[in-house]
Amino acid sequence: MDYARPTELEEALGLLCSKRWTILAGGTDFYPALGAGPLKDDVLDINGLSMLEGIAETDAHILIGARTSWSTVIRTPLPPAFDMLKEAAREVGSVQIQNTGTVAGNLCNASPAADGVPPLLALDAEVELASSDGRRHLPLASFVLGNRKTAREPHEMVTAIRVPKTSAAGRSGFVKLGARRYLVISIAMAAARLVLEGGRVAEAAIAVGSCSAVAQRLSALEDRLRGGDAAALMPLIDAYGFPELTPIDDVRGSAAYRREAAREIVKRAVAGLLGEAERGGLAA
Amino acid sequence: MSGARLKLSFEVNGNPVEAEVAPLQRLSSVLRDELGFKGTKVGCDAGDCGACSVLVDGEVVCACLVPAANLSGRRVRTVEGLSKGSLSALQESFLRHGAAQCGICTPGLLISATALLERNPAPSEQEVRDALGGVLCRCTGYRKIIDAVMNANRSVAVDAALVGQGAAVGASPIRLDGRRKVTGSEVFGADERPAEALSVAVVRSPHWHATFEIGDTQTFVAAHPGIVAVFTAADIPGENRFGVIPPFADQPALAEERVRFRGEAVALVAGERTAIEALDLAEFPIAWHELPHALTPAEARRDGFPDLHEGRANNQLTRGFVECGDPEAAIRDAHVTVAGDIETSYVEHAYIEPEAGFAAMEGDTLVIKACTQAPYMDRDDTAKVLGLPPDKVRIVPLATGGGFGSKLDVSLQPLVGLVALKTGRPAAIVYTRGDSMRSTTKRHPAAMRATIGADADGRVTGMVFEGDFNTGAYASWGPTVANRVPVHASGPYRTPHYRATGRAIHTNGPVSGAFRGFGVPQATIMQEVLYDRLAEKLGRDRLAFRIDNALVDGDRTTCGQVLSGVGIRQCLEALRPHWARAGAEAEAFNARDGKIRRGIGIASCWYGCGNTALPNPSTIRVGIRASGKVMLHQGAVDIGQGSNTVIAQICADAAGLPLSVFTLIGGDTTLTPDAGKTSASRQTFISGKAAQKAGRSLRESILRFANVSATADISVESGALIVREGEVRRRIVLAELEPDARGYVFSAEETYDPPTTALDEKGQGTPYAVYGYGAQLVELEVDTTLGTVRLLRITAAHDVGRAINPLLVEGQIEGGIAQGIGLALMEEYVPGRTENLHDYLIPTIGDVPPIETILIEVPDAEGPFGAKGLGEHVLIPTAPAILNAIRHASGAEITRVPATPSRILEAIRAREERRA
């Protein structure tokens with residue numbers, strides 16, 4: 001195996017042109033995936049790239065550098081639209097995992113149960129991919145293509161996640177459903193962001209994870225909520241059919257259960273951000 | 001670049017260190033293997049257990065997920081850095097609260113709590129939970145850990161030196177092995193390894209059932225520099241069959257031509273450590289031919305499926321049976337009857353320490369140092385497989401980081417033994433989490449059905465129980481489960497007409513063995529769930545119904561044994577005020593008519609201590625050296641439950657000597673007589689009784705020498721014993737006495753074997769000499785739209801006869817309850833699917849509610865100072881009490897555990913449909 005730990009982005013991008021590398025950032029998915037056997041992959045360790053660390057602001061975006069840990073997200077002052085991302089961050093594994101695992105790595109790992117995907121979908125996040133050819137930006141929904149599958153080309157690297165400031169608006173909430181309190185892979189999770197104007201929903205963004213190969217935005221539901229009376233959203237969610245979800249049966253729960261639970265946690269995420277939450281009793 | 005090693009400078013515990021390491025070597029490995037900081041433990045290598053937690057620049061991280069290349073210039077703190085000469089306040093608090101049991105997770109917890117306390121010196125319970133949520137503990141149930149972190153200054157246990165002479169029993173001295181657990185200096189299976197040791201990789205079956213041919217291993221060895229040898233079944237010099245119950249021994253240490261389960265060992269590859277670490281076992285020359293397999297008893301008993309073992313027709317390993325009276329007639333004539341069925345899942349022990357140890361030749365003796373629950377059984381099984389006389393195998397137990405039944409069976413002992421024997425070099429194995437989960441035993445999945453009838457006065461009249469227990473590919477403790485279940489399936493209730501059948505059925509699933517309760521927890525779910533439905537049909541209060549039927553002194557069990565010292569009624573009575581309060585609170589809460597419904601549930605347990613209807617002796621030796629040191633040969637392996645402390649407390653009071661003069665010698669088979677296995681809740685009772693007899697015998701020999709009566713006091717001064725009786729004061733200068741061959745000037749060795757009898761064809765007889773009893777009350781909330789459960793509180797009343805060490809008793813109760821919570825709500829081992837600690841869920845610190853313990857002491861005539869066992873009892877009532885509370889809250893009738901949110905919601909919907 002080869003190992004490289006560049007300290008300049010250009011160097012890293014140059015290396016990526018040379019062959020197929022496994023990129024190592026926080027290590028919280030890298031090491032568990034190793035199993036017991038010896039490491040065979042060539043590893044590009046990006047922990048020497050200090051420019052990828054931290055959260056920054058541009059005129060149009062809030063940028064989450066590719067090496068930003070969940071704990072950094074929790075600690076950084078951000079608008080209330082990011083509350084759902086912070087709530088998700090607190091539910092990722094444990095403090096130990098949050099301190100090392102990165103938000104970008106969560107996207108690149110592309111697990112159907114990735115806690116970061118629903119809130120970032122609901123923030124209209126884009127993934128910044130860099131290569132020696134330049135940079136491109138993909139909407140998150142176009143980046144995560146399937147279970148463990150992303151649109152990243154082998155010669156590319158995720159350098160940041162960026163959230164348009166226009167989407168960093170409103171209030172947000174996140175609900176995770178798991179079979180125990182900590183260190184748990186989600187049975188289902190929901191993220192919701194609403195922009196309210198005069199008691200009415202001006203903008204809505206809702207996403208559900210662990211109920212399909214890739215977490216889904218519920219755009220038809222958002223359409224129904226938009227313009228609705230904030231005090232009367234629950235019947236709209238109750239009446240919604242959730243056609244975006246294609247849950248499966250597995251050891252964590254049945255497909256039928258996930259379908260039913262998804263509706264309930266969307267309601268709770270919305271209720272939570274509206275401040276009517278009765279949020280207890282979630283973790284078994 | 002490739003293979004290049006990095007030279008790193010960083011800081012560990014304030015001291016600069018340098019290391020030359022591979023860039024991607026895990027920090028856990030750098031600390032343990034390169035720098036010798038073995039206090040950092042490795043439980044999963046995947047960030048799932050938190051045992052390896054350390055601080056890097058003040059942030060708590062899993063050392064198994066941090067690449068060495070990240071360390072340059074960083075400051076690392078490990079458990080070794082917490083004490084500076086004396087223990088930190090937090091370490092002291094862990095000791096005084098009994099927050100460390102086996103100790104394997106303790107360093108990770110201490111580190112995580114240190115990070116919290118340095119930011120927040122007075123955390124709330126919620127803050128403690130959030131900070132410690134990433135560290136799994138399988139022993140304690142977390143409650144004492146929370147107490148220890150929140151109340152560093154409130155002490156519960158006292159220094160052994162302050163425990164009065166003759167007053168050790170009933171006191172709670174700090175556990176005698178506690179200090180090394182909180183400093184990280186305890187030596188567990190993976191913590192000792194001779195420098196010249198070979199590493200051993202185990203080739204395991206990827207198939208449930210297959211034949212195989214091993215190819216050209218010579219070429220394989222030659223092609224891999226650093227690989228020394230390959231060993232297969234053909235290399236095994238003895239009888240290639242091990243098993244905890246000799247007449248049923250059937251498991252090859254290395255499979256011969258056919259494997260019967262996924263994970264079965266077929267070959268060993270021994271080599272230098274770096275070569276084994278670089279080895280890809282996929283290159284091992286082996287050809288597999290898959291055979292049809294069965295993973296459930298139903299599949300294994302279908303027509304045409306072959307017997308997995310010759311002579312075990314229809315894949316039935318054994319059948320246990322108890323019958324009294326005429327159960328059919330009793331049920332036919334009953335005023336009300338209920339019937340039902342329950343299925344349970346494979347449950348993994350999930351101790352945080354995967355199996356580990358090494359073997360080395362000392363002269364012509366094979367020495368094996370490993371974690372274990374049963375050193376003498378390991379010795380005998382290993383000697384048999386390797387064709388050695390038992391006295392040429394020496395087992396030296398290293399500290400065991402949790403066992404719960406699975407470390408009763410040998411795992412790596414014959415494997416490292418074979419390599420050391422054949423190569424003459426020490427040989428070491430540390431199982432990965434995956435190896436541990438794939439290859440070692442599990443709790444038996446059970447498929448049970450039962451019918452119970454009662455008369456119009458609410459007295460249980462008859463019960464019929466049948467249970468099929470999936471015993472997996474090999475016998476292990478299957479016969480014990482099949483026999484224990486029928487004896488216990490009535491619960492601690494009078495059942496005059498009764499028939500219970502337990503069958504152990506072979507499948508190609510993982511080997512089911514011993515797991516805290518030997519099948520009784522499963523059977524109790526069946527019985528206690530039906531008791532709730534019976535009480536409902538009778539219109540009786542669920543607690544009162546149980547009290548009316550509880551066994552009392554003089555009652556006969558279903559085996560015809562007349563009982564005395566029965567404390568179940570007292571346990572249930574003690575819960576009455578809590579039951580009334582909890583019931584009223586639930587009713588008031590539910591009057592709000594929300595989605596969250598509150599429920600309460602109750603269940604009992606009884607459990608016979610020691611082997612079922614078989615001899616089960618323990619021997620304890622104690623001796624005084626000329627220096628005045630009292631040496632206790634304490635062979636009852638302490639796997640965290642506290643036998644090191646409890647056995648010493650009993651011996652101290654029996655001898656009339658202060659606890660502080662005792663020094664422990666562990667279960668090394670050349671130094672210490674056989675105190676039996678740590679299982680069946682037998683150590684406090686049986687080894688404790690042997691310790692009591694040995695202590696008394698030691699005392700008598702001193703008193704005889706001093707020519708004084710039994711009322712004299714003995715004290716120890718340096719090099720002398722002082723014996724006082726009234727005005728008489730004798731000073732025995734120990735150096736003037738002739739020591740025996742072991743160097744003792746006074747010594748005693750005593751054996752105790754509990755009086756039991758064999759059971760006849762109807763299961764009648766005296767299977768156990770002592771039973772313990774208990775009952776638990778669970779309060780919880782069910783979220784009826786998500787099927788989730790929130791536990792509010794558990795009140796546990798246990799009759800332990802005499803609490804030798806009340807703090808350790810509480811620790812056992814809280815830990816057993818946590819495992820019962822797992823059994824009830826989340827633990828489901830799916831072979832081939834959940835072989836790690838993120839898909840297999842055990843309770844975290846956020847899943848165990850406040851627990852109130854009520855100790856009941858109804859002395860037993862046999863037990864030492866009246867004590868009964870309790871280690872397994874405490875797990876038994878929890879799951880059925882939870883299921884009963886779920887039903888009370890929501891109406892959900894659960895027929896398969898664990899009761900996951902998915903299953904609970906399905907049961908709630910099923911009930912709504914029945915009502916509609």
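**Exercise 1.** In this predicted model, find out in which sense strand E32 and E33(B) of chain B pair, and over how many bridges.

*Solution.* Start with strand E32, residues 788–799 of chain B. Follow its pairing with E33(B): the two run in the parallel sense, over 6 bridges. Now pick out one bridge: B:Asp799 has B:Ile856 of E33(B) as its partner. As background, strands of a sheet pair through backbone hydrogen bonds, parallel or antiparallel.

**Exercise 2.** Work out the strand order of the open sheet in chain B, and name its edge strands.

*Solution.* Line up the 4 strands and you get E23-E31-E32-E33 (chain B), with mixed pairing. Next, look for strands that pair on one side only: these are strand E23 (596–608) and strand E33 (851–856) of chain B, so they are the edges by the pairing rule. Finally, check the twist, which averages 15 degrees from one strand to the next.

**Exercise 3.** How many residues does each chain bring to the contact between chain A and chain B, and which element of chain A gives the largest share?

*Solution.* Count by chain: 45 residues come from chain A and 57 residues from chain B. Then go through the elements on chain A's side; helix H2 (30–34) and helix H11 (255–273) are among those giving two or more residues. The largest share is 5 residues, from H5(A). Sorted by class, chain A's side has 25 nonpolar, 13 polar and 7 charged residues.

Terms used: Residues numbered from 1 in each chain as written. Chains lettered and ligands numbered in written order. Predicted model: local features only at pLDDT ≥ 70, side-chain atom pairs only at ≥ 80, totals over all residues. Contact = placed C-beta atoms within 7 Å. Nonpolar A, V, L, I, M, F, W, Y, C, P; charged D, E, K, R; others polar. Axes fitted to C-alpha atoms, helices over the stretch in contact; angles between N-to-C directions.
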